[in-house]
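This report describes the architecture of one protein. Please keep the structure in view while reading.

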Amino acid sequence: MEIEEGDSTIHYVIDRNSFGKLTETTTPVWRHQCGDHPEEFHHGLNIHHDNYLRCFYYDKEKNCIFYETYDSKWETRIHNQDFFDKYCLSVNNVPTIDSIYLKLEFREILRSMIRFLVYLHKSHYSLMRFAEENIVFKDNKLKFVAVRFRVSSEKTRREDFDCIYEIVTHMFKGNLSTSKELDDWIHLLKFLDFTRDDCGLILLYHLAVIPPTESLDFFVSCSERLTRVDLNDFSEFMNAITGMPLLNNWHKIFTPGTVSHRCFDFGKEFYKTTTNYNPITRKKFTAQEVKLSLLRCCRNLAVHVQEHSDLRLSDLHIERKIMNLFGRYLLTLQIKLYERKCLLAFVNTNQM
């Protein structure tokens, strides 16, 4: 194949030593030399994924592969960035504490890396070792590029997530402890069940990296969808709840004067706790009933807290309020649902 690169026009001639296809004669391309094992790149010609830089053509004679062009490299996008933001919680409109969270654009960057791995593992592929130089950005989307492919196994899946771990820890350079949610996400990278093809699902739908709209959807789903899922998912959800810790006096976590407390107080007679009794049986509520009632409270906060605020609350504000109250509990619930293989029944699966 002969290629002349000038302005935005590329002229090419297909010969028997090459394969693939340039979709248009005006397609801008970027050339990568394949090295000693070019066959490890070939699977990329079959991949059409939002987080993979489109691979068009392999030239056998020159041992190079052609990708679409990109806008920026990893280090350009990540260098000297402020990754975290604060949401100031208040009591009677007086600021109290800051809730630290990962900015939304960086949530999507972490999630995009995982999204591509989940896609590959589902297709029974993994990557050879990769690093920051294999990640670029095009049209504001993260893209993997110049990566080599191999058949997926427990060992290769572990190595895939080890590479993500190295990239992410270098990205934050010791700042991880500022966000407990992100600490939890980082920890999971090293302790997934790598025997599972879908081991990355917990990272893809983790509350540290999903956008606020999906967080609120999860809070609502754990209460509302329970009556609509199939019998197996219902049974596994209840098993997950059984394995959850019992938060004694969870209803006392609210600080008087906060919007969250006003929302809770509005329907407090309907909540089940370890200190009140079933009005019919006159017995204490079971641990299962108390745990489900806590999740119902999270659902009500997600849906109704705006009604008790004088200010317009964004989805991010509501997410922060709920995570500040019950974040550790909800993160544990996600892990339990993942372990019981029913997490997908309670999340927005459009990200698959």
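**Overall make-up**

The model discussed here is predicted. The protein contains 10 helices and 13 strands. Of its 352 residues, 51% are buried. Among contacts between residues at least 6 apart in sequence, 69% join residues that are at least 24 apart.

Strand β11, residues 135-138, is joined to β7 by two bridges. Within this pairing, K73 stands opposite V136 of β11. As a general principle, the strands of a sheet pair through backbone hydrogen bonds, either parallel or antiparallel.

**Strand β6 and its partners**

Is strand β6 (residues 64-68) largely enclosed or left open by the rest of the structure? Five of its five residues are buried, so β6 is largely enclosed. Strand β4, residues 29-33, pairs with β6 in the antiparallel sense over five bridges. In this pair, V29 stands opposite E68 of β6. Strand β5, residues 55-59, also runs antiparallel to β6 and is joined to it by four bridges. Here the bridge partner of C55 is Y67 in β6. Strands β5 and β6 form a hairpin with four residues between them, and N63 in the turn has a positive phi of about 50 degrees.

The structure holds one cavity of 30 Å³ or more. The space in the largest cavity is about 40 Å³. Its lining is formed by I100, Y101, L102, R107, S179, E181, L182 and A208. Which elements supply at least two residues each to this lining? They are β9 (94-102) and α4 (180-190). The largest share, three residues, comes from β9. By residue class, the lining comprises five nonpolar residues, one polar residue and two charged residues.

Strand β9 also contains S99. This residue is buried, because its relative accessible area is 7% and the limit for burial is under 20%. The C-alpha atoms of S99 and K86 are 5.4 Å apart, although the two residues are separated by 13 positions in sequence.

**Residues with a positive phi**

Most residues other than glycine have a negative phi. Against this background, two further residues deserve attention. N249 is not a glycine, yet its phi is positive, at about 55 degrees. K341 is likewise a residue other than glycine, with a positive phi near 60 degrees. N249 lies in the loop between α7 (231-242) and α8 (259-266), whereas K341 is placed in the segment after α10 (315-339).

The table lists the accessibility of the individual residues discussed above.

| Residue | Relative accessible area | Class |
|---|---|---|
| S99 | 7% | buried |
| N249 | 30% | partly exposed |
| K341 | 61% | exposed |

K341 counts as exposed because its relative accessible area of 61% is over 50%. N249, with a relative accessible area of 30%, is partly exposed.

Methods
Residues numbered from 1 in each chain as written. Predicted model: local features only at pLDDT ≥ 70, side-chain atom pairs only at ≥ 80, totals over all residues. Heavy atoms only, no water. 1 Å grid on protein atoms, 1.4 Å probe; cavity = no way out; pocket = protein on both sides within 12 Å on 5 of 7 lines; lining within 4 Å. Points joined across faces, edges and corners; volume = space filled by probe spheres on them. Nonpolar A, V, L, I, M, F, W, Y, C, P; charged D, E, K, R; others polar. Pairing = 2+ DSSP bridges. Buried < 20%, exposed > 50% of the residue type's maximum accessible area, 1.4 Å probe, protein only. Contact = heavy atoms within 4.5 Å.
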